[in-house]
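Good morning, colleagues. I would ask you to look at the sequence and the structure together while I go through them.

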Amino acid sequence: MPPAKRSKKPSRPLAGKVAVVAGATRGAGRGIARGLGEAGALVYCTGRSVRGHLSPYGRPETIDATVEMIEAVGGKAIAIRVDHTVESEVEALFARVDKEQGRIDILADSVAGEDPMMSQWASFWKVDLANAEAIFRQAILSHIITAKHAAPIMIRQGSGLIAEVTESDIFGGGGSPLSWTVKLALKGLALNMASE
């Protein structure tokens with residue numbers, strides 16, 4: 001007897017779920033958005049880089065391209081330009097998702113994961129602090145703002161997952177005091193939010 005043929009239809013365990021990926025432009029955020037889309041979730045891809053308004057760092061990736069990647073593998077996604085350091089833009093994002101979908105099941109926050117400002121490697125007594133406030137605003141405060149506006153919708157529906165995206169699963173980090181602080185702060189933020 002010949003072996004049974006496997007169905008070629010992809011598994012969609014997240015069908016019917018709504019996800020927001022903050023920082024879906026490149027890197028981990030882009031990969032997470034694609035994975036959620038492949039798994040069947042409707043993915044709202046957010047970030048600052050869109051066609052016609054590219055990254056201030058000269059990077060070519062856009063959230064529009066991330067949406068196209070998701071659609072190319074049979075997923076559904078929507079690109080929305082959002083600066084997650086601007087609370088009014090984040091509030092408007094979640095109001096729109098709530099109005100259009102009536103729910104948010106997953107928030108994956110990967111904002112500033114590959115911010116070039118954090119790429120310096122230096123001991124604390126040698127670190128360049130010229131961009132320190134901008135780094136903390138982009139890489140920490142943006143996460144607090146984003147979670148603040150996603151959580152009430154999840155609380156109302158009685159379910160949801162907030163994933164803070166950072167490096168490794170240990171309480172440490174490399175780079176400089178600025179990147180150490182960001183990585184530790186995001187891990188502490190996740191622990192604090194989980195207990196609440």
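Predicted model: local features only at pLDDT ≥ 70, side-chain atom pairs only at ≥ 80, totals over all residues.

Let me begin with a question: is V165 buried or exposed? V165 is buried, because its relative accessible area is 19%, and buried means under 20% relative accessible area, exposed over 50% and partly exposed in between, with a 1.4 Å probe and protein chains only.

Residues are numbered from 1 along each chain as its sequence is written, and side-chain values use heavy atoms, with hydrogens and water left out.

To return to V165, this residue is found in the loop between β5 and α5. Leaving out residues up to four places away in sequence, V165 touches A28, I32, D109, S110, H143 and L186; contact here means heavy atoms within 4.5 Å.

I now turn to the overall arrangement. The protein has 5 helices and 5 strands. These are DSSP runs, numbered from the N terminus: helices are H or I with at least four residues, and strands are E with at least two. Along the sequence they follow the pattern β-α-β-α-β-α-β-α-β-α. Of the 196 residues, 43% count as buried. Among contacts with a separation of 6 or more, 67% come from residues 24 or more positions apart.

Two strands pair if DSSP finds at least two bridges between them.

Consider strand β1 next, residues 18-22, where 5 of 5 residues are buried. In a regular strand the side chains alternate between the two faces of the sheet. In β1, V18, V20 and A22 point one way, and A19 and V21 point the other way. β1 pairs with β2 in the parallel sense over 5 bridges, and A19 has V43 as its bridge partner in β2. From β1 the chain crosses through helix α1, residues 27-38, to β2, and this β-α-β crossover is right-handed. By that term I mean that, with the strands pointing away from the viewer, the path from the first strand over the helix to the second runs clockwise.

In β4, I106 is the bridge partner of A19, and L107 is the bridge partner of V20. I106 and A108 point one way from β4, L107 and D109 point the other way, and all are buried. β4 in turn pairs with β5 over 4 parallel bridges, where L107 stands opposite I162.

My next topic is E61, in the loop between β2, residues 42-47, and α2, residues 63-72. E61 counts as buried because its relative accessibility is 18%. The side chain of E61 makes polar contacts with the side chain of R26 at 3.3 Å and with that of R59 at 2.8 Å. A polar contact is a pair of N or O atoms within 3.5 Å; within protein, one must be able to donate a hydrogen and the other to accept it, and residues adjacent in sequence count only if both atoms are side-chain atoms. Neighbours within four places in sequence aside, E61 is in contact with T25, R26, R30 and S49.

Finally, helix α5, residues 177-195, has 19 residues. The buried residues of α5 include L178, V182, L186 and L189. Among the elements covering the buried residues of α5 are α4, residues 132-157, and β5, residues 161-164.

Key:
Expected span 1.5 Å × (residues − 1).
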